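This report describes one protein chain together with its ligand, beginning with the surroundings of the ligand and ending with two residues of the chain. Please look through the sequence and the structure before reading on.

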Amino acid sequence: MNASPPFSPSDRASALLDRRLVFVTGKGGTGKSTVAAALGDLCASMGKRTLLVEVDARGNLTDFFEHARVGFAPEEIRPDLYCMTMNTEDSLEEYLTIFLKMGRVSRLSILSRVFDFIANAAPGVKEILTIGKIAYEATLMEGTAPKWDTIIVDAAPTGRIVGQLDAPAAINELFEVGMVREQTDWMREILADPLITALAIVATPEEMPVTESIELYEMTKRLDVRLQTVFVNRVLPELFTTGEEETFEHLREPAPSRYLEDEVKGSIEPVFEAARLAVRLRRSRVEHIRRLKASIPVPTLYIPYLFVRDHGQRSTHLVAEAIREEMGL
Ligand SMILES: Nc1ncnc2c1ncn2[C@@H]1O[C@H](COP(=O)(O)OP(=O)(O)O)[C@@H](O)[C@H]1O
Ligand SMILES: [Mg+2]
């Protein structure tokens with residue numbers, strides 16, 4: 001059930017950055033990690049104390065900052081930017097220490113014997129330990145202020161994000177009262193508070209990523225977490241304005257193209273073909289963007305296709321700047 005109010009069209013594009021907890025999802029390969037890293041870069045550069053959470057133990061989030069991998073304990077990889085990698089076993093151990101006040105010795109012996117069994121046998125266990133840890137970080141205080149201004153999660157891809165975000169609600173249904181219920185209750189409160197938590201989807205302007213995004217949007221209607229923003233990544237630049245296109249078509253006519261071929265002493269047809277292909281590609285993508293916007297009523301932010309060879313710190317920063325501009329900041 002969705003406890004949050006419906007999306008209001010007056011939501012500013014930059015409202016996403018007002019949330020303390022942002023989950024970033026998307027079809028694999030569309031740029032989920034790129035956008036999560038760029039959002040982390042942007043928030044930290046705005047002076048927000050930012051935690052980036054890599055949910056996939058085999059993920060590559062720190063590569064976007066050209067930094068070595070990090071573990072479960074948040075590590076400051078740049079001023080104001082901390083990064084951690086989720087590990088459900090560490091999450092359980094921390095949980096037992098903090099909430100059940102178990103000593104280390106008893107903990108370890110229990111853990112090593114039962115963890116794998118439980119985590120693999122019961123559905124939702126890994127998800128609840130992941131969401132629980134992230135929600136816990138969102139509750140931490142330092143003095144009177146929250147420890148983190150922003151937590152950006154490179155979350156599960158579209159196919160698995162619902163299971164991840166819905167874990168507290170699903171487990172909640174199994175227990176009417178008691179400790180487990182209390183635990184999932186506070187997690188749900190955080191996830192369902194639209195002023196604290198938001199979901200962002202990354203899509204590319206192509207058939208499948210757009211279709212998956214629309215399907216996910218429909219499913220989020222019954223989740224605690226509200227969809228706040230859609231990022232359209234790898235948007236091709238517009239090659240020609242309408243006026244320029246007329247000039248281009250004129251150049252393709254026999255007389256001007258003969259003149260050009262005489263000038264360059266070779267065939268220019270391949271160049272024309274390449275330009276036409278680029279225009280056609282962009283046009284077909286515009287259709288996908290139109291479908292996306294018509295189906296999902298939240299702010300849509302565009303990120304250009306970056307024609308760079310390496311995707312390290314510099315391109316992360318370029319994407320961050322593109323997002324900043326799109327947000328009107
Ligand atoms: N705007 C962009 N322009 C060009 N390449 C991009 C862009 N965004 C992402 N990429 C590249 O696409 C690939 C997939 O991006 P990544 O963020 O790892 O996707 P995901 O986390 O969704 O699997 C990477 O090689 C990344 O550098
Ligand atoms: Mg990734």
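In this predicted model, the shell around ligand 1 can be sorted by residue class into four nonpolar, eight polar and three charged residues. There are 15 residues around ligand 1, and those that come nearest are Lys32, Ser33, Thr34, Leu306 and His311.

Parts of the shell can also be traced to the secondary structure of the chain. Helix H1, which covers residues 32–45, and strand E9, which covers residues 227–235, each supply at least two residues of the shell around ligand 1. The largest share comes from H1, which contributes three residues to this shell.

| Residue | Protein atom | Atom of ligand 1 | Distance |
|---|---|---|---|
| Thr30 | polar backbone atom | oxygen | 3.3 Å |
| Gly31 | backbone N or O atom | oxygen | 3.0 Å |
| Asn233 | side-chain N or O atom | nitrogen | 2.8 Å |

Taken alone, ligand 1 exposes 560 Å², and the protein buries 79% of that area. As for its location, ligand 1 sits in the largest pocket.

**The chain as a whole**

The chain contains 12 helices and 10 strands, and its C-alpha atoms fill a box of roughly 85 × 40 × 40 Å when the box is taken along the principal axes. Of the 329 residues in the chain, 47% are buried.

**Two buried residues**

Is Ala38 buried or exposed? Ala38 has its place in helix H1, the helix that gives the largest share of the shell around ligand 1. Its relative accessibility is 0%, and because a residue counts as buried when this value is under 20%, Ala38 belongs to the buried residues. Ala38 and Ala320 are 282 residues apart along the chain, and yet their C-alpha atoms are separated by 4.5 Å.

Which residue does the side chain of Thr158 meet in a polar contact? The partner is Glu212, whose side chain is joined to that of Thr158 by a polar contact of 2.6 Å.

Notes:
Residues numbered from 1 in each chain as written. Chains lettered and ligands numbered in written order. Predicted model: local features only at pLDDT ≥ 70, side-chain atom pairs only at ≥ 80, totals over all residues. Heavy atoms only, no water. Near = heavy atom within 4 Å. Polar contact = N/O pair within 3.5 Å; in protein donor to acceptor, adjacent residues only side chain to side chain. Areas by Shrake-Rupley, 256 points an atom, 1.4 Å probe, with all protein chains shown as cover. 1 Å grid on protein atoms, 1.4 Å probe; cavity = no way out; pocket = protein on both sides within 12 Å on 5 of 7 lines; lining within 4 Å. Sits in = over half its atoms within 2 Å of the grid points. Helix = DSSP H or I, 4+ residues; strand = E, 2+ residues; numbered from the N terminus. Nonpolar A, V, L, I, M, F, W, Y, C, P; charged D, E, K, R; others polar. Buried < 20%, exposed > 50% of the residue type's maximum accessible area, 1.4 Å probe, protein only.
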